Amino acid sequence: MTTEAATIGLTHSGSEDTGLGHRGPESKSIVVPYGFWLFVLSDMVLFSALFATYASLVNATDGGPTTNQLFDRTLVAIETLALLLSSFTCGLAMIAAKRKNMNLTQIWLLVTGLLGAVFLFIEFYEFAHMIGEGAPPQRSAFLSSFFTLVGCHGAHVTAGLLWIGTMMAQIWAKGFKEHIVRRLLCLSIFWHALDIIWVAIFTIVYLIGTLP
Amino acid sequence: MSVIFGKLTWDAIPFHEPIPLITSAVVLAAVAAIAVWVWRNGWWPYLRDEYITSTDHKRIGIMYIVLALLMLVRGFADAIMMRLQQSMAIGASQGYLTPEHYNQIFSAHGTIMIFFVAMPFVIGFMNFVVPLQLGVRDVAFPTMNNVSFWLTASGALLINLSLFIGEFARTGWLAFPPLSEKEFSPGVGVDYYLVALQISGVGTVLTSVNFVTTILKIRAPGMSYFRMPVFCWTSLASNLLILAAFPVLTVTLGLLMLDRYLDFHFFTNDGGGNSMLYMNLIWVWGHPEVYILALPAFGIYSEVAATFSGKPLFGYRSMVFATLAICIISFMVWLHHFFTMGAGANINAIFGIASMVIGIPTGVKIYNWLFTMYGGRVRFTVPMHYLIGFMLTFVVGGLTGVLLAIPPVDFVVHNSLFLVAHFHQVIIGGVVFALMAGYTYWFPKAFGFTLDERLGKAVFWCWFIGFHLAFMPSYLLGFYGATRRMQHIPDPSWAPWLHLELFGAVIIGAGIVLTVVQLLYSIKTREQRLDVTGDPWDGRTLEWLTLSPPPHYNFAVLPDVHGEEAYWTRKQTAIKMDQLIKEPDYQPIEMPVSTPVGVICAFFASVCGFAVIWHIWWLAILGLIGAFAVFVWYAWQDEHEHIVPVDEVRTNARERRRIRMEHLHSLSQST
Ligand code: HEM
Ligand SMILES: [Cu+2]
């Protein structure tokens, strides 16, 4: 009797605890970043397909230049440093936002964006240099896959810069409203994910590629 | 000129080809007529506010299904043209289609059927059903849901535009290189294919993000994982597959675009390119895609089996584990699509065995449905017809699949009509039957009245008989040596079989016509078949708890879930105690507002896509800038939600309780 009464809600109020903590829909502050995480995961899958392509074409140089002849470790080291630092400053911006400190948030976001721009600039320089040296993506399957993998990451960074700019304007105009802070959180997830992907690129493409 | 119009010239319009020209004219006239009709009846504001800009998952689901049905007609028109050609062009005769045209038709048929019929149909059901079954008010991201739909529609639009302006790919539905490279396919056909699929692919990935989040994070209180209906489980599995597989498709098509547009060398014959890389990549997506479609179909069968057998689903947990097993194994079998690549005996053997292993969880499911029916009070309704027809058809289709998974056998029948027969058998017998079953099953929930049973059964028999006539002979023809994609049939002795196949296709066509008749007839006689109770089939899951059609907030209060079969338990207890759940404390409800952002996104996507296809670069750039502007504009707005006042909620809910109480009395009297 009592269990049946419970089933139609006569005897108890609130939800039954199923032991799994399912007490109804989660709040937006959980749902939004969760969904964004899933999106980032699908982006990771996208990059893994590009990595697989690179790995299977890295030796298909068609008589053209090979990894060792093209990559410059120092340049890439500076590039990497800039991006890693930008992840750090992005973290600082998040902390500032949490404390609702407008000036610091803006400054750290700006620094993050500038470091991202430095990264992009170096990448751009590297690409231009390679193309000038007769190693454009059209030269061989290896170069096609190199430019695509690294360029796709670069395109993501560019999108990130646009996003940082938009976010800065939004925070400036609207302050630290709940949904704005949520967006900022998504942005930082995105930015850190780009860092992780870059570490993989750095290792698989540049480090392994410049082994003697 | 070429700066302004790119590759677009007057030659792109097929003035000299009667078939596409007449089709274009007819389609344009029909679209115009419908537009005028809607306008004249004053339905436009309703259509705009309640559908086009709607963020309501039910409305979006319906739009997906309408899109799928329209595209089914298009895909079927292609199919019947192919069958007609193949039954005419035998021996000395060349039939009525040139090879150029025929190749476009089979490519369009395959592409449209998979991407714009099966996918939107399945996603439409997920949209309509999953939030209701989970006992919640909407998906996690309602606005994004609208955007996803419109991006899919934009892809469909571009594919159909290729009929009127330019041409479609002649490369088959997966556009294998090197044939699809610029060197061998210089026209815009492959570009239409690539761009349309990229745009709709973005929509599909967004859908998967939305549904995985919804199912994992947004459920009614008490709805733990092992209380979710099987359709929700299979939807979850399917969306996880989309999340993991569709980005690979995006990459694959993206690389081919780079080859075609910027002279890269991924899959070309020269420059170190490797076309087998494309095969591997595309099938890493392609095989899971089969299960992206099949798993929700299995979910529909599970709902149908339980409801119409009047019993809980047999082996609920084994069904869930079988679903997850299929989900994982489906990523480990892609190589069976090209055993002939020459990867070596051991690799072929491993992939062959892995492919057969998928048969085991699938077999588990078949037994579960059988045991659900066993000992139940089975009602032979239309959905039940499809379930039984499916089990008969699918078992044979699965067996020929196991045959194909044996590498030596595959070497013999690879790319033959045997393969064509196999995949149509699983996709029509498995997926299309499920979609038709679901259409009949959930129609009253969506519109408040049931579909006509007699006509529904006629449709079923058309599909069932028509399918077997249209494809069984292909197994034989495959053994005789008939390869797929033949515009001309060299061996006159195959003629009788091909004529039989044409006849089968005509019967399927009759089924499609009857579907329309059934719909019109049911609308006309809807007064006699109204679903006042909201529970026309004596259902077991939460969508039958609410009204038909449900209010846009679905439930006045989120239902409290106790045990598996949330609604059934509740209903039985209420009948026994002759009492409904205590009247809850009604609250005002916050619902997302409708938004034009999806349509605007799709507009820019279509313009941009069209510009890229025709190399009209200024327009493409303009489109991108426009899209970014919309994005910023949308992000700038503060989130809007509109509030349904508590009085409205209460009045509706009280009315609903009155009806349910009457319904309960009638049920308890009948038992
Ligand atoms: C409605 C009845 C249907 C008929 C009569 C039909 C007929 C055909 C025919 C004649 C072919 C070409 C076979 C060949 O290569 O010689 C074909 C190919 C194909 N069909 Fe269907 N089909 C039907 C439904 C479907 C459905 C529902 C789907 C998927 C959801 C589908 C997917 C495909 C695909 C993917 C191809 C391969 C296209 C290619 O060769 O690139 N078909 N179909
Ligand atoms: Cu497969």
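This briefing covers a copper site, aromatic ring pairs and charges over rings. The structure is a predicted model. Three histidines of chain B hold the donor atoms for the copper ion (ligand 2), and the aromatic pairs over all chains number 65.

**Copper site**
- The protein donors of the copper ion (ligand 2) are ND1 of B:His287, NE2 of B:His336 and NE2 of B:His337.
- These donors lie 1.7 to 2.0 Å from the ion.
- Along the chain, the donors are spaced as H-x48-H-H.
- B:His336 has a relative accessible area of 16%, so it counts as buried because the limit is under 20%.
- B:His337, at 22% relative accessibility, is partly exposed.

**Aromatic pairs**
- A pair of aromatic rings is described by the distance of the centres and the angle of the planes.
- The count of such pairs over all chains is 65.
- B:Phe418 and B:Tyr475 pair edge-to-face, with 5.0 Å between centres and 65 degrees between planes.
- B:Phe418 belongs to helix H15 (residues 417-447) of chain B and B:Tyr475 to helix H16 (residues 453-480) of chain B, so this pair ties together parts 57 residues apart in sequence.
- B:Phe418 is buried at 3% relative accessible area, and B:Tyr475 is buried at 10%.
- B:Tyr441 and B:Trp442 also form an edge-to-face pair, at 5.0 Å centre to centre and 65 degrees between the planes.
- B:Tyr441 is buried at 0% relative accessibility, and B:Trp442 is buried at 2%.
- Ring pairs join B:Tyr441 and B:Trp442 into a cluster that also includes B:Phe121, B:Phe125, B:Phe231, B:Phe308, B:Trp537 and B:Trp544.

**Charges over rings**
- B:Arg59 sits over the face of B:Tyr51, 4.9 Å from the ring centre.
- B:Arg83 sits over the face of B:Phe471, 5.2 Å from the ring centre.

Note on methods
Residues are numbered from 1 along each chain as its sequence is written. Chains are lettered from A and ligands numbered from 1 in the order in which they are written. This is a predicted model: local features need pLDDT of at least 70, side-chain atom pairs count only at pLDDT 80 or more; totals for chains, interfaces and linings use all residues. Side-chain values use heavy atoms; hydrogens and water are left out. Donors are N, O and S atoms within 2.8 Å of the metal (3.2 Å for Na, K and Ca); water is not among the atoms, so sites may look incomplete. Buried means under 20% relative accessible area, exposed over 50%, partly exposed in between (1.4 Å probe, protein chains only). Rings of Phe, Tyr and Trp (its six-membered ring) pair if their centres lie within 6.5 Å; planes under 30 degrees apart count as stacked, over 60 as edge-to-face and the rest as tilted. Helices (H or I, at least four residues) and strands (E, at least two) are DSSP runs, numbered from the N terminus. A charge sits over a ring if NZ of Lys or CZ of Arg is within 6 Å of the ring centre and within 35 degrees of the ring normal.
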